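Please open the model in your viewer, with a cartoon and a way to select residues by number. The tour below moves from one selection to the next and says what is to be found at each stop.

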Amino acid sequence: MRTPLETRAAGATSGLPPKGPAQLLFWRLFIINGLLFAIGTLVLALSPATVSSPVLLTEVPVLLIGLALILAANAALVRASLAPLDELTTVMRRVGLLRRGGDRATEAGNGDLKDLIRTFNEMLDRLEAENSASSALALAAQEGERQRISRELHDQIGQSLTVALLSLKRVVDRSPDDLREESLVAQEAVRASLEEVRQVAQRLRPGVLADLGLRSALSALGSEFSRSSGIPVVWELDDEFPELSGEVELVLYRIAQEALTNVARHAHATRVHFALTSTTKGLTLRILDDGQGGDLREGAGIRGMRERALLIGAELTITARPNGGTDVRLVVPRARAEG
């Protein structure tokens with residue numbers, strides 16, 4: 001007797017349209033039930049047991065026992081036959097497209113179910129590839145927009161504030177004594193606004209990353225974080241890194257920037273440990289704080305971090321520390337880091 005998969009293969013070679021999963025599953029159940037009823041009929045035909053008409057009370061237990069045996073055997077065979085669907089359902093519930101090469105169902109069983117599971121795994125691979133491509137386009141557009149806004153802040157608003165600051169300086173120099181204090185307050189307000197514009201432009205487009213490299217950019221990022229939040233940062237940076245591509249450096253910088261921003265906004269931490277280490281397996285970025293851990297809700301910021309990690313084939317894990325705080329870990333495979 002041919003299995004459903006062999007039947008479909010034979011149909012394909014003979015020019016017949018291939019059967020779908022629903023048809024193959026139907027034939028699987030039909031064959032199981034048909035075999036059980038055939039065996040039951042054969043046993044009834046060969047056994048000395050007879051059924052009177054009308055049925056006697058002494059024959060009712062025999063019929064009920066036979067029916068129970070057939071139903072139990074049918075349930076056991078169907079359950080064993082469809083067992084791979086339980087694992088498939090479990091994988092469906094926990095699968096996530098923001099984790100590259102994540103959960104996949106084991107191609108167990110035979111025939112139609114194995115083909116169904118294989119098709120599901122291929123669908124996940126295809127969705128991950130499409131999601132990665134769309135994320136790459138979105139992140140590239142986002143970086144382009146950030147650079148455009150940064151240039152406008154620096155070239156237009158920054159220059160306008162600089163002109164206003166110089167004008168106010170001349171006004172302060174010529175102001176009478178009763179207006180000098182107010183002029184100085186206005187001058188300091190413009191100077192503070194100019195500094196804020198420069199900081200925003202720097203966060204939008206990390207020019208130091210392109211000019212001085214990843215180490216200097218991360219150091220500047222940590223210094224700015226400590227200055228603005230008052231939280232000290234303990235550094236652990238290896239002396240040498242593999243030669244990284246520009247895309248990997250930008251992802252490392254953006255993820256570190258987002259992680260430090262989350263610490264400043266939500267963690268209520270008193271200390272941050274920042275580590276970037278290189279091993280034979282790849283590059284590892286870790287940011288640990290001693291603030292509030294607990295239930296980690298993945299909002300737009302964390303989703304953006306996962307999309308960036310997926311873009312370079314890195315693995316991002318964000319977990320709560322046992323003694324409080326959050327552990328953000330990004331592992332970039334060496335092959336992708338040097339690519």
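A residue is called buried when its relative accessible area is under 20%, exposed when it is over 50%, and partly exposed in between, with a 1.4 Å probe and protein chains only. Helices (H or I, at least four residues) and strands (E, at least two) are DSSP runs numbered from the N terminus. This is a predicted model, in which local features need pLDDT of at least 70, side-chain atom pairs count only at pLDDT 80 or more, and totals for chains, interfaces and linings use all residues. Residues are numbered from 1 along each chain as its sequence is written, and side-chain values use heavy atoms, with hydrogens and water left out.

**The whole chain**

Begin with everything shown: the chain holds 11 helices and five strands, and buried residues make up 32% of its 339 residues. With contact meaning heavy atoms within 4.5 Å, residues 24 or more positions apart account for 66% of the contacts in the chain that have a separation of 6 or more.

**Helix H3**

Select residues 60-81, which form helix H3. Its 22 residues reach 31 Å from the first C-alpha to the last, close to the 32 Å expected at 1.5 Å a residue, where the expected span is 1.5 Å times one less than the number of residues. Now colour Asn74, Val78 and Ser81, the buried residues of H3. They cover an arc of only 60 degrees around the axis, which puts them on the same side of H3; the arc is that of the directions from the helix axis to the C-beta atoms. As background, an α-helix has 3.6 residues a turn, so residues three or four places apart point the same way. On the face of H3 turned away from its buried side, you will find the exposed residues Val62, Leu64, Ile65, Leu69, Arg79 and Ala80.

**Helix H6 and glutamine 187**

Move on to residues 177-204, helix H6. The 28 residues of H6 should span 40 Å at 1.5 Å a residue, and the end C-alpha atoms are 41 Å apart, which agrees. Among the buried residues of H6 are Ser183, Val190 and Leu204. Glutamine 187 also counts as buried, at 8% relative accessibility, and beyond its neighbours within four places in sequence it is in contact with Leu165, Leu168, Lys169 and Val172.

Next, select residues 214-229 for helix H8. H8 has 16 residues and reaches 22 Å between its first and last C-alpha atoms, close to the 22 Å expected. Which residues of H8 are buried? They are Leu214, Ala217, Leu218, Leu221, Gly222 and Phe225. These cover an arc of only 130 degrees around the axis, which puts them on the same side of H8. The buried residues of H8 pack against helix H7 (207-212), strand E1, helix H9 (246-267) and strand E2.

**The loops around the strands**

Just after H8, glycine 230 takes a positive phi of about 75 degrees. Proline 232 is in the loop between H8 and strand E1 (233-237), and at 40% relative accessibility it counts as partly exposed. Leaving aside neighbours within four places in sequence, proline 232 is in contact with Ser226, Thr270, Arg271 and Val272.

Then look at histidine 268, in the loop between H9 and E2. Its phi is near 55 degrees, a positive value in a residue other than glycine. Most residues other than glycine have a negative phi. Histidine 268 counts as exposed, at 59% relative accessibility.

**Last stop: an aromatic pair**

Finally, show the side chains of tryptophan 235, which is partly exposed with a relative accessible area of 32%, and phenylalanine 274, which is buried with 1%. Rings of Phe, Tyr and Trp (its six-membered ring) pair if their centres lie within 6.5 Å, and planes under 30 degrees apart count as stacked, over 60 as edge-to-face and the rest as tilted. By this rule the count comes to one aromatic pair. The ring centres of tryptophan 235 and phenylalanine 274 are 4.8 Å apart and their planes are at 50 degrees, so the pair is tilted. Tryptophan 235 lies in strand E1 and phenylalanine 274 in strand E2 (residues 272-278), so the pair ties together parts that are 39 residues apart in sequence.
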